[in-house]
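These entries record what I looked up in the structure, item by item.

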Amino acid sequence: MKRTLTAVAAVLALATAGCGSAEDLSGSGDQAASGEIVVGSADFTENKILAEIYAGALKTTGAKVSVRSGIGARELVVQALQDKSLAVVPEYTGNLLVHFDKASTASEAEEVYSALKSELPEGLEVLEKSAAEDKDVLVVTKETADSGVKSIADLGEGKYVLGAAGEWAQRWEAKVKELYGVTFKEIKTTDAGGPVTVDTLKDGGSQVANLYTTQADIAVNGFVQLEDPKSMYPAQNILPLLRTGAVDDKGKAVLDKVSAGLTTENVAELVKKVDVDKETVANVAAEFLKTLSL
């Protein structure tokens, strides 16, 4: 999943963090100590939008807030929360749980959320989860969906070519067979939900692709998401991860209101406005905040 921030990325980020890059957190600990709420984000569009939304919501309480965008790997983000460089970041339940409990097999939304709360280290907390999820999803073209393929189970045995990142087979090939009895004619290595995967599906080099539920390419190309009734892919509900004591009750209340207003569909639309329509992250976040009663 594109939201899984790898150890390799962490090493690269750590190597560049001291070189004046966007990931340089030096000095922000002093800001946090002075009472400023520093909202951080990982380095992809959706997370940057969410960080701006969180910051705008917190400002409505009268708090002094700044945004530290594009930090990078989850390891760095968590470290920055723990060393008080950051106060709050947008996160994803399933991947955050696996970060703290690599052996976790939780998959359903409530199960994942409950397990996450119990696994968080002292000094960190999460607020209410949103209904919005940015998770792995298998998609097909409208033509394939119209032929009767609506669910993962409908893929059957050996009928279709799947385009996915190189690690997909190791992580999911046995699981999809176990849960749904599905096998693929071929698992073609493309990229992690990027243009190679999208173009391969569009051009007929594959009939199934692994993308992500809030990805703009799905709507732009009219792809159809396959149902996953047995929750092969773990829940990835969006929610705020906080350093304990960094946000007061008023701040927590407005962040919960933000989560209540987020859906997979409207987050996908926010991402499309930035990635496809080329609007700015700040403007997209500000317009979304106007739709909430904060």
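I take a residue as buried under 20% relative accessible area, as exposed over 50%, and as partly exposed in between. By this scale Glu287, with a relative accessible area of 42%, is partly exposed. The model is predicted, and I read every entry below with that in mind.

**Entry 1. Overall inventory.**
I counted the secondary structure of the chain and found 13 helices and ten strands. The chain has 294 residues, and buried residues make up 51% of them. I then looked at contacts between residues at least 6 apart in sequence: 77% of these join residues at least 24 apart.

**Entry 2. Nonpolar cores.**
I looked up the largest nonpolar core, which has 35 residues. Those with the most contacts inside this core are Ile37, Val39, Ile53, Leu58, Val88, Ile238 and Leu262. At least two residues of the core come from each of strands E1 (37-40), E3 (88-92) and E10 (238-243), and likewise from each of helices H3 (45-59), H11 (249-261), H12 (264-275) and H13 (281-289). H3 supplies the largest share, eight residues. I also noted a second, separate core of 21 residues, with Leu81, Leu96, Leu124 and Leu239 among its residues.

I examined Val39 in detail. Not counting residues up to four places away in sequence, Val39 touches Ala51, Tyr54, Ala55, Leu58, Val65, Ser66, Val67, Arg68, Leu86 and Val88.

**Entry 3. Helix H13.**
Which residues of H13 are buried? I found Val284, Ala285, Phe288 and Leu289. Because they cover an arc of only 135 degrees around the axis, they lie on the same side of H13. In an α-helix, residues three or four places apart point the same way, because there are 3.6 residues a turn. The cover over the buried residues of H13 includes H3, H11 and H12.

**Entry 4. Salt bridges.**
Glu110 counts as exposed because its relative accessible area is 52%.

I next looked at Glu133 and Lys135, which form a salt bridge with closest N and O atoms 3.9 Å apart. Both Glu133 and Lys135 are buried.

Lys290 forms a salt bridge with Glu287, where the closest N and O atoms are 3.0 Å apart. Lys290 is exposed, at 62% relative accessibility, whereas Glu287 is partly exposed.

**Entry 5. Arg243.**
What is the nearest side chain of opposite charge to Arg243, and how far away is it? It is Asp83, 7.0 Å away. Arg243 is found in strand E10; this residue is buried yet has no salt bridge. A salt bridge requires the side-chain nitrogen within 4 Å of a carboxyl oxygen. I did find a polar atom of the Arg243 side chain 3.4 Å from the backbone oxygen of Leu81.

**Entry 6. Positive phi values.**
I noted two residues other than glycine with a positive phi. Lys84 has phi near 70 degrees and lies in the loop between helix H4 (74-82) and E3. Ser231 has phi near 50 degrees and lies in the loop between strand E9 (224-225) and E10. Ser231 is buried, with a relative accessible area of 15%.

**Entry 7. Pro234.**
Pro234 is placed in the loop between E9 and E10. At 23% relative accessibility, Pro234 is partly exposed. Leaving out residues up to four places away in sequence, Pro234 touches Ala106, Ser107, Lys135 and Trp172.

**Entry 8. Lys202.**
Lys202 lies in helix H9 (residues 195-202). With 47% relative accessibility, Lys202 counts as partly exposed. Beyond its neighbours within four places in sequence, Lys202 is in contact with Asn221 and Phe223. I also recorded its separation from Val140, which is 62 residues in sequence and 9.3 Å in space, C-alpha to C-alpha.

Note on methods: Residues numbered from 1 in each chain as written. Predicted model: local features only at pLDDT ≥ 70, side-chain atom pairs only at ≥ 80, totals over all residues. Heavy atoms only, no water. Helix = DSSP H or I, 4+ residues; strand = E, 2+ residues; numbered from the N terminus. Buried < 20%, exposed > 50% of the residue type's maximum accessible area, 1.4 Å probe, protein only. Contact = heavy atoms within 4.5 Å. Core = buried A, V, L, I, M, F, W, Y, C linked by side-chain atoms within 4.5 Å. Arc of directions from axis to C-beta. Lys, Arg positive; Asp, Glu negative; His and termini not counted. Polar contact = N/O pair within 3.5 Å; in protein donor to acceptor, adjacent residues only side chain to side chain.
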